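Here is a briefing on one predicted model.

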Amino acid sequence: ITLNDKVTGTTGYNVNITGSGTVNLYNQLENADVSATGATVNMSDNKNTTYLVNSLTSNASAKYAIDVDMENKTSDKIVTTQASSGVVTIESINYITSNSEKQTFQILETQNDSIQLAIGDALASQVVEDKLSKLTDTVTNTDDFDQSAGIMLSTTNTTNDSITIQKAQDY
């Protein structure tokens, strides 16, 4: 299923995305209460879209594909106006442009920590730890800190609402 046009209705109409297939979501589901279970929600259309929904309930089995524009420092984003819950599992990232800088992209803009991002199996090999955040107050002149390139969950406003794309770097 591909949704290219904006869908709008009275606030709180239900959109249920279920099953084992893919829904290509290339435009708004304005005012919708969206529920996703099992399916792939593909938002990768080579442009960054802010999806404004009333609420989102997402099961960890639902997989999401998003766009990230490293050069312009933008990404797809899901913004909810009401309480939401569950897990948004990022299964793939479409890089519209590249850049070697470390950048953080807020993917979820929600009211609380009840909905969070997770990294899916297809991206698991790219997950890295933020070495600088693990530093203690004591560092010696022989310590060597190298940061691997990859992605990690991060927090902008609510827990795990963002991803950080890290470049390889020696400190």
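Leu117 sits in strand 14 (residues 115-119). Strands here are DSSP runs of E with at least two residues, numbered from the N terminus. This is a predicted model: local features need pLDDT of at least 70, side-chain atom pairs count only at pLDDT 80 or more, and totals for chains, interfaces and linings use all residues. Residues are numbered from 1 along each chain as its sequence is written, and side-chain values use heavy atoms, with hydrogens and water left out.

**Leu117**
- Leu117 counts as buried because its relative accessibility is 4%; the cut-offs are under 20% relative accessible area for buried, over 50% for exposed and partly exposed in between, with a 1.4 Å probe and protein chains only.
- Not counting residues up to four places away in sequence, Leu117 touches Val88, Ile90, Ile107, Leu108, Leu153, Asn160, Asp161, Ser162 and Ile163. Contact means heavy atoms within 4.5 Å.
- Thr155 is 38 residues from Leu117 in sequence, and their C-alpha atoms are 9.8 Å apart.

- Three strands form an open sheet in the order 12-17-16, paired antiparallel. Pairing requires at least two DSSP bridges between two strands.
- Strand 12 (103-106) and strand 16 (150-154) are the edges, and each pairs on one side only.
- Neighbouring strands of this sheet are turned by 25° against each other on average, direction ignored. Axes are lines fitted to C-alpha atoms, for helices over the stretch in contact, and angles run from 0 to 180 degrees between N-to-C directions.
- Five bridges join strand 16 to strand 17 (residues 162-166) in the antiparallel sense. Ser162 in strand 17 stands opposite Ser154.

**Parallel pairs**
- Strand 4 pairs with strand 7 (residues 55-58) in the parallel sense over four bridges. Val34 faces Leu56 of strand 7 there.
- Strand 7 also pairs in parallel with strand 11 (residues 85-97), over two bridges. Ser58 stands opposite Gly86 in strand 11.

**The cavity**
- The structure has one cavity of 30 Å³ or more. A cavity is a set of points on a 1 Å grid over the protein atoms alone where a 1.4 Å probe fits but cannot get out; lining residues have an atom within 4 Å of a point.
- The largest cavity holds about 110 Å³ of space.
- Its lining includes Ile17, Val34, Met43, Tyr51, Leu56 and Ile78.
- Strand 4 (29-37) and strand 6 (50-53) are the elements giving two or more residues to this lining. Strand 4 gives the most, with three.
- The lining of the largest cavity has twelve nonpolar residues, no polar and no charged.

Key:
1 Å grid on protein atoms, 1.4 Å probe; cavity = no way out; pocket = protein on both sides within 12 Å on 5 of 7 lines; lining within 4 Å. Points joined across faces, edges and corners; volume = space filled by probe spheres on them. Nonpolar A, V, L, I, M, F, W, Y, C, P; charged D, E, K, R; others polar.
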